[in-house]
Amino acid sequence: MLKRDNQFLLQTETEAPGFRVELRGTTFRLVATGAWTVTEATVLDEELKRLKVPIPPSSDFTGEMDISGIAEIDTAGAWLLQRTAGAWRRGGLKTRYAGATDSFRILIEEVHRRGQTEKPEIDTVTPLQQILDTTQTSLTNIWSDVVALTSFLGEVSAASVRLVREPWRFRPISFIHHLDHAGLRALPIIFLICFLIGAVVMQQGVVQLSYFGAEPMAVNMVAILSLREVGILLTSIMVAGRSGSAFTAEIGSMKMREEIDAMRTLGIDPMDTLVLPRVAALVVALPLLTFMGDIAALAGGGVMAWVMLGLEPPIYIDKLQEIISVRHFMVGMIKAPFAAVVIALVGCLEGLRVQGSAESLGSHVTAAVVKAIFLVICIDGIFAMFLAGIGQ
């Protein structure tokens, strides 16, 4: 808020905020008095809206805003003056200010400059157009992600070939560290989840097959489904949510702190140091976790078969030996290394794409989990169709 000097304030402090319009010769004058501040803006705004814009009878007439009587003014008052002056100019009346101090003039000019900036246009988009635009953006993002992931796969493959030629580049401590975190420490939660899912599938199978009098066939369903689909799919999803997000968060935090740039400056290849140990650890850990997930799912199904069908563990194991073949076991295990590579690649790539903010880190961690789970399900579906096509 700007004020005039004390002498002027003593002369004008009794004047109420307001204005009057007068004609002097060929000049229409708006004489403002009192305080033009935000507290008086509502009253002044109503009075100014009732003020009719003078229509100049000839081009010789001009307009003048006499603000020498204003004691205080802030941006609200300056905006009201600017709006009135603009209305006079649009009516064909050239308008200028009179009696402005330097501080008042600077404030009015700044308000005028701010008011002249172009306002962003609000596009009126129909719901159909919005859906089409969203779809187009999503497809474009998917294509860019496919290109980036393919390129990153090429970089990892080249680094792996270089590692074979130069074994001293391998970092065993980092590999064992990630093998422990992504494999051994993930075993309890994966065992529990697969155990529960195996029990639920058995329970639902018994209930649904009871309508046909084929309750014992639920054992066949659980055995084959656990080895071919449940074990690998649940394990991969859990690893994607647990280890994939951890890879992104770890590498993304290093990217935010510019540690990766420092590594490159020191001649340390981040691909050898950060990416390859994580990929190798997950390729080793996921098949082992898948095997334990298969065992857990079969164990959960066995407990529920004992409860609902009265199959004691020795009988249940004998039935599994009759049903299960190596072919079913290998169908699930073949998918594990491919799922491990996809999860590790997506997690590391999203970590390297993090920018310098916590918001970017959070969005890329979320994207890593969603993309990894989506790709794991796609890989499982592709393998299922391929193996069914060749009779496996």
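Reader: How many cavities of 30 Å³ or more does a search of the whole structure find, and what makes such a space a cavity?
Author: The search of this structure finds one cavity of 30 Å³ or more. The term applies because, on a 1 Å grid over the protein atoms alone, a cavity is a set of points where a 1.4 Å probe fits but cannot get out. The model is predicted: local features need pLDDT of at least 70, side-chain atom pairs count only at pLDDT 80 or more, and totals for chains, interfaces and linings use all residues. Residues are numbered from 1 along each chain as its sequence is written, and side-chain values use heavy atoms, with hydrogens and water left out.

Reader: What is the volume of the largest cavity, and which residues line it?
Author: Its volume is about 50 Å³, taken as the space filled by probe spheres set on the points. I232, L233, S236, K335, A339, V376, I379 and D380 form the lining; lining residues have an atom within 4 Å of a point. Helices α8, α12 (326–352) and α13 (358–389) each supply at least two lining residues.

Reader: Why is W143 called exposed?
Author: W143, in helix α5 (residues 127–165), has a relative accessible area of 60%. Exposed means over 50% (1.4 Å probe, protein chains only), so W143 qualifies.

Reader: Why is E258 called exposed, and where does E258 lie?
Author: E258 has a relative accessible area of 54%, so the residue is also exposed by that cut-off. E258 lies in the loop between α8 (217–256) and α9 (259–265).

Reader: What is the phi of E258?
Author: E258 has a positive phi of about 60 degrees, although the residue is not a glycine. Most residues other than glycine have a negative phi.

Terms used: Helices (H or I, at least four residues) and strands (E, at least two) are DSSP runs, numbered from the N terminus. Buried means under 20% relative accessible area, exposed over 50%, partly exposed in between (1.4 Å probe, protein chains only). On a 1 Å grid over the protein atoms alone, a cavity is a set of points where a 1.4 Å probe fits but cannot get out, and a pocket is an open set with protein on both sides within 12 Å along at least five of seven lines; lining residues have an atom within 4 Å of a point.
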